Amino acid sequence: MTVTEVVAALIWEGDRFMICQRPAHKTRGLLWEFVGGKVEPGETKEQALIRECREELAVTVSVGDVFMDVVHEYPDLLVHLTLFHASIAVGEPQKIEHNDIRWITTAEIPNYPFCPADEEILCRLRSFSKEAKHMRVNFGPKPICYPQPVFILAAYDEKGVPNAMNAAWGGISDDEEISFCISAGHKTTKDILVRKAFTVSMADVAHLIPCDYVGIVSGNEVPDKLEKCGFHTEPSAFVDAPLIQELPMALECKLKSYDPASCRLVGEIVNVCADEFVLTDGKIDPAKLRPITFDPVNNAYLVLGEKVGNAFQDGLELQ
Ligand SMILES: Cc1cc2nc3c(=O)[nH]c(=O)nc-3n(C[C@H](O)[C@H](O)[C@H](O)COP(=O)(O)O)c2cc1C
């Protein structure tokens, strides 16, 4: 499907912005939208917006910066919508094209059914608004944050039998250090204390079921837990702990400390290893690894991997 370039105007009057209701006989009839339309061949986006505002509202606008741009796929149309800040330089808006025109605050957004392509823009508008802050809901002290990792901790017991558990409460705590909160009663915790070493594999989409299994069944009751879920292990070359062959990326760690009262376990990262097939240009590629993250609110696993920005770089825009 070819991309149709569409422009629209975000026009403010005090704390209200203008929205227009599409006519009933057109596609997406009676839904609300920002004034604007398609960019014609040979036009710049700014020129197209000025023309559309003349045709649809009989006003002349001066066009400012881009507020936001979004891509949206309708059944009949793939739209790239660029929303510009704009102000009315000449004229009073007339309902030449639209069924209705309203000026609304961001708090009133939920009262109007909008065209689907505008949804992301409206979310952003609401997040900027003072009213949105008043709508925060308190959930009390809970172990909720996003994203939460899904780590698979693995260790050998005193007889050399490998075991593993799922751990979401953990993260990097220094240059070569990782910390977790794991209960003293888990078989894996006991094994880590015996061998003073463990590996931390990233749970991935491809092995979601066994990764969940090792988090709901204990090696205390099921000694061949890893075999049961189809995981195979090999000894790490760096520490006295098993690497799970099926999971393509792992940290190999030595035990630094464990405090049974707080359940705080700290490990020294001795090595990081990854299978070649999850690398691009020699670097770990999250799009190939497809690690999962734990959603503690909905008890769900979500996938990671889509790049949406550049760290240590994109913020420089505001400097
Ligand atoms: C999504 C998920 C996250 C978990 N996170 C933790 C955690 O951070 N700390 C912990 O002590 N147990 C956690 N668990 C529970 C252990 O993985 C579970 O009790 C496991 O059966 C222990 O296995 P083991 O006794 O064989 O070591 C989690 C389980 C799941 C499914």
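Mentor: Helices (H or I, at least four residues) and strands (E, at least two) are DSSP runs, numbered from the N terminus. By that count the protein has seven helices and 21 strands. Its radius of gyration, taken over C-alpha atoms, is 27 Å, well over the 20 Å that the globule rule gives for 319 residues, so the protein is more spread out than a compact globule. The globule rule is 2.2 Å times the number of residues to the power 0.38. Along the principal axes, the C-alpha atoms fill a box of roughly 85 × 45 × 40 Å.

Two points on reading the model. Residues are numbered from 1 along each chain as its sequence is written. The model is predicted: local features need pLDDT of at least 70, side-chain atom pairs count only at pLDDT 80 or more, and totals for chains, interfaces and linings use all residues.

Now the part itself, strand E17, residues 264–274. Two strands pair if DSSP finds at least two bridges between them. E17 runs antiparallel to strand E16 (residues 249–259), and ten bridges join them. E16 and E17 form a hairpin with four residues between them. In that turn, Cys263 has a positive phi of about 65 degrees.

E17 also pairs with strand E12 (residues 177–181), again antiparallel, through five bridges. Here Ser179 stands opposite Val266 in E17. To sum up, E17 has bridges to E16 and to E12.
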